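The sequence and the model are shown first, and a description follows.

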Amino acid sequence: MPAPVQNAFDDMYMLEALALAKKGWGRTGVNPLVGAVVTNQLRVVGRGFHRKLGEAHAETVALLEAGSRAQDGTLYVNLEPCCICGRTPPCVDLIKKTGIARVVIGMIDPNPSVNGGGAECLRQAGIRVDIPVMEQASMNVNRWYVKYITQKMPYIILKIATSREGRISNFPKKYITSEPALRFVHSLRSQVDAIMVGINTVHRDDPFLTDRLVGRSNPARVVLDPRLRIAPDAHFFEPDARRIIVTGVNSDQSRMKDLASQGVEFIVMPADYFLLDTVFKKLAELEIGSIMVEGGGLVFSEILGKKMFDELYVFVAPVSGGDGANMFEEISHIVNLSDVQAIQTGEDLLYHVYRNN
């Protein structure tokens, strides 16, 4: 592929497109995060981003805002425009109709149904296409989408809160981290499709698993409950988000039927013990593209042991005590946290790690 022919303003407008794309975090489902900017004679005449699954794509929003001013203009978009019919019509069709002269693209869409086809369709229509521009930044924004669309597996974020000694359970207070750390976690929740915990975490803490401290977009809630022991009054069942229970085939069928009538979804596994990689594949089939795992110890241990995570957030609170597995020891087989720059988050230290393949 020949190198794109850039002008001095391409990076600036692509940065704006990326900033717009991020506004869709947590609301686009398995669709990618996409922002678009239309310029004409170096003036911005249209902006847009993909707001919600099933709604208009970023390019459409930006071009509609630009109207006739899009004629002979430039469209900046962080991901290759689609050339297939999905929940909305192909973006390339509208682009060709508007008289856009040039399209600047951050990265190729890794979706096998697109994968360069959108850019080629535009070129065949006589539109100049420059790609990639700010490719790494574009990849970073949609790293979860790249994994989901190419591997049919969710992007997995592991969030662990520990004491100074690396323990995660049996503390006097429900939350051992500070308010700023909790707000940070709720912000992360608002960006993913689902939160997953084990049944022991639900029994012990009865968590809400919402983003209530930021109030953007509650993710789906997933609980690993092999024998369907979850209490009927658990906060898990609040009808403010999608609810998914992963359980064994021998669970109470009448209770499953009753919960299903209330909108609860089930993934039924062939035994009471199930491997998480299989669970994640099943969740991907339910169009869960990204998951944050928040407990408990057994779940953490399996994910860490098999290196199934893509990102790891470890909050270390200034408290002592607790019990359960030593998370520091388990993490040390993957990364030495002392080599990671800690971020002060309220009273806590935050370590953020991307898994290296």
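Which residues make a nonpolar surface patch of about 280 Å²? The patch is made by Phe 9, Met 12 and Leu 42. Patches are made of residues with over 30% relative accessible area and no salt bridge, like charges being joined within 9 Å and nonpolar side chains (Val, Leu, Ile, Met, Phe, Trp, Tyr) within 5 Å. Accessible areas come from the Shrake-Rupley method with a 1.4 Å probe, and for residues only the protein chains shown count as cover.

The model is predicted: local features need pLDDT of at least 70, side-chain atom pairs count only at pLDDT 80 or more, and totals for chains, interfaces and linings use all residues. Residues are numbered from 1 along each chain as its sequence is written, and side-chain values use heavy atoms, with hydrogens and water left out.

**Strands and their partners**

Leu 42, one of the patch residues, is found in the loop between β1 (35–40) and β2 (43–49). Helices (H or I, at least four residues) and strands (E, at least two) are DSSP runs, numbered from the N terminus. With a relative accessible area of 48%, Leu 42 is partly exposed; buried means under 20%, exposed over 50%, and partly exposed in between (1.4 Å probe, protein chains only).

Strands β1 and β3 run antiparallel and are joined by 4 bridges, two strands being paired if DSSP finds at least two bridges between them. Within this pairing, Val 37 has Tyr 76 in β3 as its bridge partner. From strand β3 (residues 74–77), Thr 74 and Tyr 76 point one way, Leu 75 and Val 77 point the other way, and all are buried. Strand β3 also pairs with β4 (residues 102–105), in the parallel sense and over 4 bridges; here Leu 75 stands opposite Val 103.

Strand β8 (residues 220–224) is largely enclosed by the rest of the structure, because 5 of its 5 residues are buried. Ala 220, Val 222 and Leu 224 point one way from β8, while Arg 221 and Val 223 point the other way. Strand β7 (residues 194–198) pairs with β8 in the parallel sense over 5 bridges, and Met 196 stands opposite Val 222.

**Salt bridges**

The structure holds 15 salt bridges, each being a side-chain nitrogen of Lys or Arg within 4 Å of a carboxyl oxygen of Asp or Glu.

| Pair | Closest N and O atoms |
|---|---|
| Lys 159 and Glu 294 | 3.6 Å |
| Glu 179 and Arg 183 | 3.7 Å |
| Glu 302 and Lys 306 | 3.4 Å |

Lys 159 forms a salt bridge with Glu 294. This pair links distant parts of the chain, with Lys 159 in strand β6 (residues 155–162) and Glu 294 in strand β11 (residues 290–295), 135 residues apart. Both Lys 159 and Glu 294 are buried.

Glu 179 and Arg 183 are separated by about one helical turn, because they are 4 residues apart in helix α7 (residues 179–189). Glu 179 is partly exposed at 42% relative accessible area, and Arg 183 counts as partly exposed at 42%. Asp 10, Arg 102, Arg 128 and Asp 130 are linked in a network of salt bridges.

**Backbone features**

Most residues other than glycine have a negative phi, and most peptide bonds are trans. Where do cis peptide bonds occur in this model? One joins Ile 131 and Pro 132, with omega about 0 degrees, and Pro 132 is found in the loop between β5 (128–130) and α5 (135–141). Another joins Gly 295 and Gly 296, with omega about -5 degrees; Gly 296 is found in the loop between β11 and α11 (297–305).

Asp 72, although not a glycine, has a positive phi of about 65 degrees. Asp 72 lies in the loop between α2 (58–66) and β3 and counts as exposed at 56% relative accessibility. Asn 115 is not a glycine either and has a positive phi of about 40 degrees. The loop between β4 and α4 (117–124) holds Asn 115, which is partly exposed at 49%.
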